[in-house]
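Good morning, and thank you for joining. Please keep the structure in view as I speak.

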Amino acid sequence: MPFARLATATTPTCHIGLGLAAVGRPGYINLGREQDLGENRSVETLRTRTHELLDAAYAQGVRYFDVARSYGRSEEFLAEWLRARPAFDDIVVGSKWGYTYTADWTTDAERHEVKDHSLQAYERQRAESEAVLGDLLDLYQIHSVTPDSPALTDKDLHARLAEAAAAGLTVGFSTSGPAQAEAIRAALAVTVDGEPLFRTVQSTYNALETSAAPALAEAHDAGLTVIVKEGMANGRLADPHAPEALKAVAEETALGCDAVALALILREPWAGVVLSGAATTVQLVSNLHAAAVDLDESQLERLAALVEEPGAYWERRGQLPWH
């Protein structure tokens with residue numbers, strides 16, 4: 001399994017990965033993108049920014065990079081960067097299928113992505129990902145599984161995914177929405193010829209949304225690698241939007257709100273990789289300080305009080321505008 005490569009790493013940041021959702025396309029729902037990216041969001045501008053972020057991340061010990069078919073040109077940007085650096089043979093690359101990018105490199109599209117978890121969508125997007133990433137692709141995940149997703153019950157799809165796994169591709173899934181725990185447990189029950197199909201799970205977990213934690217612990221115990229996304233709650237846990245309690249703890253640690261928020265996740269014994277969604281190298285460096293944050297019991301108690309009811313959290317997330 002490719003994540004065994006990360007297990008051999010000894011850098012403090014080996015459990016932090018970089019996701020390219022925020023820089024692989026001009027529009028996204030993260031708060032503060034106007035300041036982060038400015039007005040020039042041409043393909044070449046974001047290509048250059050992405051490559052600078054990847055260089056900085058690798059130099060600081062990051063070895064997992066996460067993209068998706070729906071993240072604009074993220075697969076393309078990552079593949080170009082990797083092929084120009086053939087000596088970087090210790091990297092793990094994960095992508096996702098199940099959403100199609102439809103914004104045509106604009107920020108004001110009526111729909112930015114369309115969800116489709118059918119076998120036909122998998123076949124099409126697998127071919128697209130392979131055309132871009134080729135043998136660089138280690139992990140292919142179903143994007144944003146929910147309890148009603150046909151991907152949980154489609155036996156033909158399961159058989160095709162099992163074929164890909166038998167050929168050496170690691171198969172995983174990501175989750176979203178207030179019923180993440182239910183989706184995770186349903187996915188853990190999916191088997192092909194008596195063997196579990198999925199080897200990784202990627203879920204939203206942060207100081208505001210912790211409802212998936214018990215199911216993620218179960219997934220870890222079942223042998224899956226757990227990848228945590230949206231640790232910054234799409235910018236809600238970063239300055240200047242962070243809750244006052246988080247700002248206070250950050251001041252006590254002399255580090256950023258982002259570092260504290262990510263450190264809170266790194267404490268979880270089931271968290272294999274925690275993604276940074278940085279859009280600038282300054283943000284990335286600040287995020288990576290999470291590995292140095294040491295939180296005491298008083299600080300943990302104050303941060304625990306930030307947890308929101310899952311329905312309210314996801315309703316708020318659904319209202320975030322595409323910037």
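Throughout this talk, contact means heavy atoms within 4.5 Å. Please also bear in mind that this is a predicted model.

With that cut-off, let me begin with helix 5 and helix 6. L119, Y122, E123 and R126 in helix 5 meet D156, L157, R160, L161 and A164 in helix 6. Sorted by class, this contact holds five nonpolar and four charged residues, and no polar ones. As to geometry, helix 5 covers residues 119–133 and packs against helix 6 at an angle of about 25°, the two axes lying 9 Å apart. Because angles under 35 degrees count as roughly parallel, helix 5 is roughly parallel to helix 6.

The second pair is helix 3, residues 43–59, and helix 4, residues 74–83. Here the packing angle is about 55°, and the axes are 10 Å apart. That angle makes helix 3 oblique to helix 4. The crossing of helix 3 past helix 4 is right-handed. Which residues of helix 3 meet helix 4? They are V43, L46, R47, T50, H51, L54, D55 and Y58, and their partners in helix 4 are E76, F77, L78, E80 and W81. By class, the contact of helix 3 with helix 4 comprises seven nonpolar, two polar and four charged residues.

I turn now to the second largest pocket, whose volume is about 290 Å³. Its lining has 19 residues, and those closest to the centre are E195, P196, L197, F198 and R199. Helix 6 (155–166), helix 7 (180–188) and strand 9 (195–196) are the elements that each give two or more residues to this lining. Which element gives the most to the lining? It is helix 6, with three residues.

Finally, the backbone. Most residues other than glycine have a negative phi, and most peptide bonds are trans. D104 sits in the loop between strand 4 (99–101) and strand 5 (113–115). The peptide bond from D239 to P240, in turn, is cis, with omega near 0°. P240 belongs to the loop between strand 11 (225–229) and helix 9 (244–253).

Thank you for your attention.

Terms used. Residues are numbered from 1 along each chain as its sequence is written. This is a predicted model: local features need pLDDT of at least 70, side-chain atom pairs count only at pLDDT 80 or more; totals for chains, interfaces and linings use all residues. Side-chain values use heavy atoms; hydrogens and water are left out. Axes are lines fitted to C-alpha atoms, for helices over the stretch in contact, and angles run from 0 to 180 degrees between N-to-C directions. Helices (H or I, at least four residues) and strands (E, at least two) are DSSP runs, numbered from the N terminus. Angles under 35 degrees count as roughly parallel, over 145 as roughly antiparallel, 65 to 115 as roughly perpendicular and the rest as oblique. A crossing is left-handed if the near helix is turned anticlockwise from the far one by less than a right angle, and right-handed if clockwise. Ala, Val, Leu, Ile, Met, Phe, Trp, Tyr, Cys and Pro count as nonpolar, Asp, Glu, Lys and Arg as charged, and the others, Gly among them, as polar. On a 1 Å grid over the protein atoms alone, a cavity is a set of points where a 1.4 Å probe fits but cannot get out, and a pocket is an open set with protein on both sides within 12 Å along at least five of seven lines; lining residues have an atom within 4 Å of a point. Grid points are joined across faces, edges and corners, and a volume is the space filled by probe spheres set on the points.
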